[in-house]
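Colleague: I am new to this structure. Could you take me through it, one question at a time?

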Amino acid sequence: MTPDLSTLLKLWDTAVWEFSLVFEDLSDEDVWRSPQAGVPSVGVQACHLARSENSSFGQSVESPLDIDGMGYFPYDPKAPLPIHLAAAEVFAEYERVHKAAIAWIHARGFALSDPYENPKFENHEGMTWGDRIEYMPFHVAYHTGQAYMARHIMGHDTTEN
């Protein structure tokens, strides 16, 4: 059974909403702080998600979060990133990139046709656009968990989720 594309997009948006909760009461200095070696900061998680959504769906939205090298783990940078955004600005920028990806999908009519019949997805051999869209809610949720873990290691209280 082919999943309904509108349901997948809603799940993806729900995962993005959950990621927004990571930024509640997060200090600007902690957004880019890695709590320990091998644990990417909340900001690095946002960069990874923005890079993934920007590069996966063919649009090329200019974004300070879309940085080469943020595609696959390990993507915990050894040097500070050249990004000077406050915590709320980081999420707002990621959300802007996310909305552009959703708009790109709608503009191509994927919501009106079966995306599993569309041409293969260029970045992942054997995947269709539908496969990639189906994966995205999980991808955001996974990195949301990592971002929460970073906050917990830093001793932050977080939203009950």
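Modeller: To start, buried residues make up 48% of the 161 residues in the chain. Keep in mind that this is a predicted model.

Colleague: Of the contacts with a separation of 6 or more, what share comes from residues 24 or more positions apart?
Modeller: Take the contacts in the chain with a separation of 6 or more. Residues 24 or more positions apart account for a share of 70%.

Colleague: How far apart are the end C-alpha atoms of α1?
Modeller: Helix α1 has 17 residues. At 1.5 Å a residue, the helix should span 24 Å. The model agrees with that, as the end C-alpha atoms are 25 Å apart.

Colleague: Against which helices do the buried residues of α1 pack?
Modeller: The buried residues of α1 are L5, L8, L9, W12, A15, V16, F19, S20 and L21. In an α-helix there are 3.6 residues a turn, so residues three or four places apart point the same way. The buried residues of α1 pack against α2, α3 and α4.

Colleague: Is D25 buried or exposed?
Modeller: D25 is found in the loop between α1 and α2. Its phi is near 60°, a positive value in a residue other than glycine. The relative accessible area of D25 is 75%, and the cut-off for exposed is over 50%, so D25 is exposed.

Colleague: How do α1 and α3 run, roughly parallel or roughly antiparallel?
Modeller: The axes of α1 and α3 come within 11 Å and cross at roughly 175°. An angle over 145 degrees counts as roughly antiparallel. So α1 is, relative to α3, roughly antiparallel.

Colleague: How many nonpolar residues are in the contact of α1 with α3?
Modeller: From α1 come L9, W12, D13, V16, F19 and S20. They meet F91, Y94, H98, A101, I102, I105 and H106 in α3. By class, the contact has 3 polar residues, 1 charged residue and, as for nonpolar residues, 9.

Colleague: How do α2 and α3 run, roughly parallel or roughly antiparallel?
Modeller: Helix α2 covers residues 42–56 and helix α3 residues 87–107. Their axes are 9 Å apart, at an angle of about 15°. That angle is under 35 degrees, so α2 is, relative to α3, roughly parallel.

Colleague: Which residues of α3 make the contact with α2?
Modeller: The crossing of α2 and α3 is left-handed. On the α2 side, the contact is made by G43, A46, L49, A50, E53 and N54. On the α3 side, the residues are V90, Y94, V97, H98 and A101.

Colleague: Is E53 buried or exposed?
Modeller: E53 has its place in helix α2. The C-alpha atoms of E53 and A101 are separated by 6.2 Å, though the two residues are 48 residues apart along the chain. With a relative accessible area of 0%, against a cut-off of under 20%, E53 is buried.

Colleague: Which residue takes a positive phi just after α3?
Modeller: Helix α3 has buried residues that pack against α1, α2 and α4. Just after this helix, a phi of about 75° is taken by G109.

Conventions:
Residues numbered from 1 in each chain as written. Predicted model: local features only at pLDDT ≥ 70, side-chain atom pairs only at ≥ 80, totals over all residues. Heavy atoms only, no water. Axes fitted to C-alpha atoms, helices over the stretch in contact; angles between N-to-C directions. Helix = DSSP H or I, 4+ residues; strand = E, 2+ residues; numbered from the N terminus. Parallel < 35°, antiparallel > 145°, perpendicular 65-115°, else oblique. Left-handed = near helix turned anticlockwise from the far one by under 90°. Contact = heavy atoms within 4.5 Å. Nonpolar A, V, L, I, M, F, W, Y, C, P; charged D, E, K, R; others polar. Buried < 20%, exposed > 50% of the residue type's maximum accessible area, 1.4 Å probe, protein only. Expected span 1.5 Å × (residues − 1).
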